[in-house]
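Let's take a walk through a protein chain together. Have a look at the sequence and the structure first, and then we'll go stop by stop.

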Amino acid sequence: MGSVDRPKKRGRLWKKALVHFALCFVMGFFSDFAPRSTAILFSGRHAEHLVPAARTKSVERLVVNSTVEIPGSSSGRGQGSHDEPPPPLEVAGAREPQSPSQRLLIVVTTTRTGDRLQGALLRRLAHTLRLVPPPLLWIVVQDDADALATAAMLRTTGVMYRHLTFKENFTDPVVEADHQRNVALSHVEYHRLSGIVHFAGASNVYDLQFFDEIREIESFGTWPVAVVSTNKKRVVVDGPICHSSKVKGWISKDLSNDKRLLVTSTDMNPKPPKINISGFAFNSSMLWDPERWGRPTSLPDTSQDSIKFVHEVILEDETKLKGIPADCSKIMVWHMTRGTPLPIHH
């Protein structure tokens, strides 16, 4: 009997194995037709640029998250041959929003060649910009030789950005910074990026209310900046004196020995003694539509120099400047320096 039952048991085992194999095959076959997971849906070339769910508006415009090499003569306002209309650049908020609270903020950051702390400072600024409600576009300008590491870092910030590089060599850091600003402004003008432009130093520290305030700017805005020299333990406040958002004068006061900001008539100047570029913002349409703001179509010596164009507007007519906040009594921007601050345009 035992010898007869063994073949029957073996036959049953083979049948079970075949049934099990057939079920697995059928399940595997039909599972290919099921929807894939969200992880697979978002995988691909741009997956590394995805931002947190709370900032989904930026995900729709990931085309701006890239590094662009700017040719040698690109810093002028008439960059290259612009006879053809500029190519469209998909940026969330690039068209003028109806509500000031939804205006695009164009934050421009220049860099210093060979700065060992550059990466850490840019990452800290990125953490601040992530907290700003969209739409916001961060333009970082950098020497091509230092760009590789920065590009990798920018892809992890969760901030909508544009990374512009150049190959010119400079010995004067002030000239280099102005060149980088011109590169950024030329990019903004060429692509007609409509919004509020602010030059944010990598070492700047911000009160987040500041970004809400500058979205209210119609043409030009200005505010006091505290320049803090950590090595020398020195604090200088540069900026406007205002009454109901109207600029009445300018100060540059050292608070190292006097912690109270008491301003007398002798402290005020009719024009800014220095132009601290971190203390100004403006509507980008002024670059390509100056007549809208009561400016001539072209000015001598500024047609190829956007930052000089901005300086001249600042110095020309303070009635166009809006003080931020309303009475300019609050410091919302701190510019941190190491050692002696860089010279600022007079």
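**A guided walk along the chain**

Asp 178 and Arg 181 are both buried. Keep in mind that this is a predicted model. These two residues make a salt bridge, with their closest N and O atoms 2.9 Å apart. Why do Asp 178 and Arg 181 sit about one helical turn apart? They are three residues apart in helix H6 (residues 173–190), so about one helical turn separates them. The general idea is simple: side chains of opposite charge can pair when their charged atoms come close.

By the rule used here, the count comes to four salt bridges. Another of them joins Asp 207 and Lys 330, where the closest N and O atoms are 3.4 Å apart. This pair links distant parts of the chain, 123 residues apart: Asp 207 is in the loop between strand E6 (204–206) and helix H7 (209–214), while Lys 330 is in the loop between E12 and E13. Asp 207 has 21% relative accessibility, so it counts as partly exposed, and Lys 330, at 33%, is partly exposed as well.

Next come Arg 234 and Asp 254, a salt bridge with its closest N and O atoms 3.1 Å apart. Arg 234 lies in strand E9 and Asp 254 in strand E10, so the pair ties together parts that are 20 residues apart in sequence.

Now for the sulfur atoms. The structure holds one disulfide, formed by Cys 242 and Cys 328, with their sulfur atoms 2.0 Å apart. Here too, distant parts of the chain are linked: Cys 242 is in strand E9 (residues 234–243) and Cys 328 is in the loop between strand E12 (321–323) and strand E13 (333–337), 86 residues away. Is this disulfide left-handed or right-handed? The torsion about its S-S bond is about -65 degrees, so it is left-handed. Cys 328 has a relative accessibility of 8%, and buried means under 20%, so Cys 328 counts as buried.

Most residues other than glycine have a negative phi, and most peptide bonds are trans. Cys 328 is not a glycine, yet has a positive phi of about 55 degrees. Ser 245, in the loop between E9 and strand E10 (246–254), has a positive phi of about 70 degrees and is not a glycine either. As for cis peptide bonds, one joins Pro 134 and Pro 135, with omega about 5 degrees. Another runs from Ile 324 to Pro 325, with omega near -10 degrees; Pro 325 lies in the loop between E12 and E13.

Notes: Residues are numbered from 1 along each chain as its sequence is written. This is a predicted model: local features need pLDDT of at least 70, side-chain atom pairs count only at pLDDT 80 or more; totals for chains, interfaces and linings use all residues. Side-chain values use heavy atoms; hydrogens and water are left out. A disulfide is a pair of cysteine sulfur atoms within 2.5 Å. Helices (H or I, at least four residues) and strands (E, at least two) are DSSP runs, numbered from the N terminus. Buried means under 20% relative accessible area, exposed over 50%, partly exposed in between (1.4 Å probe, protein chains only). A salt bridge is a side-chain nitrogen of Lys or Arg within 4 Å of a carboxyl oxygen of Asp or Glu.
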